[in-house]
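Dear colleague,

Please find below the structure that I am passing to you, followed by a summary of what was found in it.

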Amino acid sequence: MSNKKLAERQQPRFFDLEPITFENRSEIESQILDAARRGFVKYGSSRMSVRDIADLAGVSRGSVYKYFDDRDSLTSAVLGIAVECLIEDMDQAMIRFSTIDDQVVAAVLIVQSWRKAERDAQLFALSYEATLLTTQESVRFLGPMVSLMERYLVEACERGEVRLDLNVSSAAEWIIRIVVSLSEIPGYTFNDDRPDETRQFIQNHLLNGLGERYQSQSKSKSRMSKAR
């Protein structure tokens, strides 16, 4: 696998200032959500009032309150959209690879690019958003990421890359927590700006443990078969 392929990073679509239409929502609600998204990205959430969002959407404040009880509920909806876009970006990046280690590295690179874009935009700077992401409420954002990783782990089990008795749900959550941590904290013993070093770090310390018991059992069975 070429490092160049691993090193490719996309500008997250969520942070594009071009309008986005959201499915399963009315035209007005979609306009409001997209205006909030673009306003948060361009100016930072702390600088956008409901009036600012309404003006950007080309609707009245009353229209905003028709769909959202208050600014916090609108911000929560934008956070939900952000997670949907993040999951889509992760899936599109991971599906290009055929091994779980490369898929996890692809996920790390996507989350890193998102965190960089978010910090540059000061996207969610208010205490409400910070609290939302670090409390029990954040479970609804963690869940979809775990579900995505579960799917790739099931496929890795079928390929024999991880042990067959693996608790996929728990392992998926563990991996996602590591992925998020790697995007937040700079590497100490490896350069996290180099995808090849990130891949080696993940392979050595994250994924080996998922396959160790299965590999050990396979070797043991092989020795028993030879003994017979």
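A charge is said to sit over a ring if NZ of Lys or CZ of Arg is within 6 Å of the ring centre and within 35 degrees of the ring normal. In this structure, which is a predicted model, the charged end of R37 meets that description: it sits over the ring of F14, at 5.9 Å from the ring's centre.

Aromatic rings

F14 also belongs to a group of rings. The structure has 4 aromatic pairs. In one of them, the rings of F14 and F15 have centres 5.4 Å apart and planes at 80°, so the pair is edge-to-face; planes over 60 degrees apart count as such. F15 forms an edge-to-face pair with W114 as well, at 5.1 Å centre to centre and with 75° between the planes. F15 lies in the loop between α1 (3-7) and α2 (27-43), while W114 lies in helix α6 (residues 100-121), so this pair ties together parts that are 99 residues apart in sequence. Through such ring pairs, F14, F15 and W114 are linked into a cluster.

Are these three residues buried or exposed? F14 is buried, with a relative accessible area of 0%. F15 is buried at 7%, and W114 is buried at 6%. Each counts as buried because the cut-off is under 20% relative accessible area.

In soluble globular proteins, nonpolar side chains tend to be buried together. Here the largest nonpolar core has 65 residues, and F14, L74, M90, V104, M149, L153 and I175 are those with the most contacts inside it. At least two residues of this core come from each of α2, α3 (50-57), α5 (71-94), α6, α8 (139-159), α9 and α10. Which helix gives the most to the core? That helix is α5, with 12 residues.

Leaving aside residues up to four places away in sequence, L153 touches I100, V162, L166, V168, A171, A172, I175 and L210.

Q103 in helix α6

Q103 is found in helix α6 and counts as buried, at 2% relative accessibility. The side chain of Q103 reaches the backbone oxygen of F97 at 2.9 Å. F97 is also among the residues that Q103 touches, together with M94, S98, Y152 and R159, when residues up to four places away in sequence are not counted.

F190 between two helices

F190 is found in the loop between α9 (168-184) and α10 (195-227). At 12% relative accessibility, F190 counts as buried. Beyond residues up to four places away in sequence, F190 touches L182, E197, T198 and F201. F190 and Q200 are 10 residues apart in sequence, and their C-alpha atoms are 9.0 Å apart in space.

Cysteines

A disulfide is a covalent bond between the sulfur atoms of two cysteines. How many disulfides does a search of the whole structure find? The search finds 0. Of the cysteines, C85 is buried, with a relative accessible area of 7%, and C157 is buried, with a relative accessible area of 13%.

With kind regards

Notes:
Residues numbered from 1 in each chain as written. Predicted model: local features only at pLDDT ≥ 70, side-chain atom pairs only at ≥ 80, totals over all residues. Heavy atoms only, no water. Helix = DSSP H or I, 4+ residues; strand = E, 2+ residues; numbered from the N terminus. Buried < 20%, exposed > 50% of the residue type's maximum accessible area, 1.4 Å probe, protein only. Contact = heavy atoms within 4.5 Å. Phe/Tyr/Trp six-rings, centres within 6.5 Å; stacked < 30°, edge-to-face > 60°. Core = buried A, V, L, I, M, F, W, Y, C linked by side-chain atoms within 4.5 Å. Disulfide = S-S within 2.5 Å. Polar contact = N/O pair within 3.5 Å; in protein donor to acceptor, adjacent residues only side chain to side chain.
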